[in-house]
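Subject: Structure handover

Hello,

Here is the structure you asked to look at. Please open it beside this message and follow along.

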Amino acid sequence: MVVGEIIHEKDVVVIGAGPAGYEAALRAAQYGRDVTLVDRSRSGGECLHTGCIPSKLLAISARKMWDSAPGVTMDPEFSMQQWNSEKVEVVERLEKGLEMRFKSNNIECVKGSASFLSSERIGVEQGEKFEVWTFQHVIIATGSRPKDPPFHSENIPGVIPVEQLYKTPSIPRRLVIFGEDYLSLEAASTFRALGAEVTVVTESDSFMDDMDETIKRELHRQFKKQKIRVMTGATECNAVAGERLIFEGIKSTGERIEIEADTIAYSAGRISNIESLCLEQGGIEVSRNYIKIKDTCETSISRIYACGDITEGPALAIKAIKQGKTAADHCCGVPATFSFDCMPTIIQTQTPLATVGLTEAEAIEAGYQVIAESSPMRASGYASLLRQTEGVVKVVRDKESHLLLGFHAIGAGAVELIEKATLALEMAGRDEDFSYPYSPHPGFGELWSETVDRTIEKKARSIEYQ
């Protein structure tokens with residue numbers, strides 16, 4: 001390796017081309033800044049190549065297998081081999097689309113590995129070439145990778161991170177999924193719909209405790225209906241390879257778990273990709289393997305920003321995208337801040353789940369006078385037309401201020417409904433903001449309006465009886 005003598009002067013340098021990085025690069029370029037995007041791999045990051053896109057693509061295929069409509073008869077078959085081939089086409093098309101956007105916005109793309117030499121300089125290694133750059137601003141967005149599970153998994157055939165399920169040549173007949181995050185739930189639901197026998201194993205004694213109780217109960221019911229086994233409180237877990245692949249564990253009750261599997265997939269969290277950045281040489285503060293940031297996404301060093309999985313909080317593309325835009329705005333002189341307050345959670349199970357804001361229990365604990373109301377998805381005429389009547393919608397409001405506090409849904413229209421709820425929370429929506437606007441008929445939006453109306457009726461009744 002030869003260190004170049006020339007120091008290159010850069011304007012905005014973005015390290016990492018995943019959702020946080022490419023959104024930051026595009027936003028800064030749209031403000032007229034000269035942007036350089038550095039990544040050691042392919043544009044789009046893990047989200048495009050191994051995570052969000054492949055998992056959602058397979059979830060869509062699984063749903064299509066069971067779609068029905070009046071007068072339409074089908075005898076569907078699924079080919080994982082064909083799906084893998086078409087997945088590659090979709091991913092490559094999206095990657096090329098990203099690269100075209102980079103080109104049209106005059107973003108310089110560099111394949112290489114960046115690291116800090118000081119708080120004012122970075123080095124970029126490109127094969128045999130190593131160059132030194134100075135910069136006006138740097139946005140770090142190097143993402144994360146799967147964390148190892150709490151049991152031995154290395155070199156055991158059939159034991160893989162959940163993300164690798166979307167590269168398998170065929171659907172495993174018996175699948176054990178260790179984990180309870182959105183990756184685990186999506187994979188469990190999707191692969192069960194495609195014919196796998198699925199068992200979900202968690203270390204915690206409960207299941208999805210951060211969800212609203214109504215939604216959690218409905219998710220349990222959906223998994224039971226789909227014949228997905230859920231085993232909670234599993235400790236001392238282990239994967240044993242031999243003539244058969246066995247997942248072992250001991251439940252908190254003392255009961256021994258022994259499950260035969262073709263594949264054991266795990267999702268035990270993520271590890272930030274920050275080791276090779278030499279952050280200490282840049283004076284950038286790190287806490288618990290995360291880069292510490294302000295609400296502007298600026299690090300401990302002015303002009304240096306961080307966003308996405310390398311910052312504290314859930315490893316979600318929706319968070320990464322928002323932080324990437326926030327960092328770009330701020331470094332370009334546009335006031336911007338990031339907050340988790342109105343960030344929705346979306347889980348693309350076969351009965352999709354979406355939630356934003358406070359659960360009913362959280363709202364009560366926070367001291368609000370809560371009015372909560374639910375509507376079953378079957379109350380929607382549109383859901384009946386689609387023959388997708390499973391699920392429930394729940395609205396949590398404050399009795400005194402009329403403010404929306406939380407919105408939670410599981411069902412076919414959950415993802416579409418959550419956008420309206422997120423906007424309503426952000427804008428401090430009240431009674432009149434929900435009851436006045438029109439809702440398309442038939443449409444899922446009517447279910448939102450109906451549920452809000454029920455909370456208004458409940459409030460009116462409570463006033464009448466006082």
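Helices (H or I, at least four residues) and strands (E, at least two) are DSSP runs, numbered from the N terminus. By that rule, Asn84 is found in helix α4, residues 80-104.

Two notes on the source come before the rest. This is a predicted model, in which local features need pLDDT of at least 70 and side-chain atom pairs count only at pLDDT 80 or more, while totals for chains, interfaces and linings use all residues. Residues are numbered from 1 along each chain as its sequence is written, and side-chain values use heavy atoms, with hydrogens and water left out.

The whole chain

The protein chain has 12 helices and 24 strands. Its C-alpha trace spans about 80 × 60 × 50 Å along the principal axes. The radius of gyration is taken over C-alpha atoms, and the globule rule is 2.2 Å times the number of residues to the power 0.38. For 466 residues a compact globule would come out near 23 Å, so the 24 Å of the protein chain agrees.

Of the 466 residues, 48% count as buried. Buried means under 20% relative accessible area, exposed over 50%, and partly exposed in between (1.4 Å probe, protein chains only). Contact means heavy atoms within 4.5 Å. Among contacts between residues at least 6 apart in sequence, 65% join residues at least 24 apart.

Asn84 again

Asn84 counts as buried because its relative accessible area is 14%. Which residues does Asn84 contact, leaving aside its neighbours within four places in sequence? They are Tyr166, Lys167, Thr168 and Pro169.

Strands

Two strands pair if DSSP finds at least two bridges between them. Strand β12 (residues 234-240) and strand β13 (residues 245-251) run antiparallel and are joined by five bridges. Ala239 has Phe247 in β13 as its bridge partner. A hairpin through four residues joins β12 to β13.

Strand β21 (residues 353-357) pairs with two strands that I looked at. With strand β20 (residues 345-347), β21 pairs in the antiparallel sense over three bridges, and the two form a hairpin with five residues between them. Is β21 mostly covered or mostly open? Strand β21 is mostly covered, since four of its five residues are buried.

Backbone details

The peptide bond from His441 to Pro442 is cis, with omega near -10 degrees. Pro442 lies in the loop between α11 (431-435) and α12 (445-464).

Met208 is not a glycine, yet has a positive phi of about 55 degrees. Met208 sits in the loop between β10 (197-201) and α6 (213-225). With a relative accessible area of 7%, Met208 is buried.

Asn289, also a residue other than glycine, has a positive phi, near 70 degrees. The loop that holds Asn289 runs between β17 (286-287) and β18 (290-291). Is Asn289 buried or partly exposed? The relative accessible area of Asn289 is 31%, so Asn289 is partly exposed.

Regards
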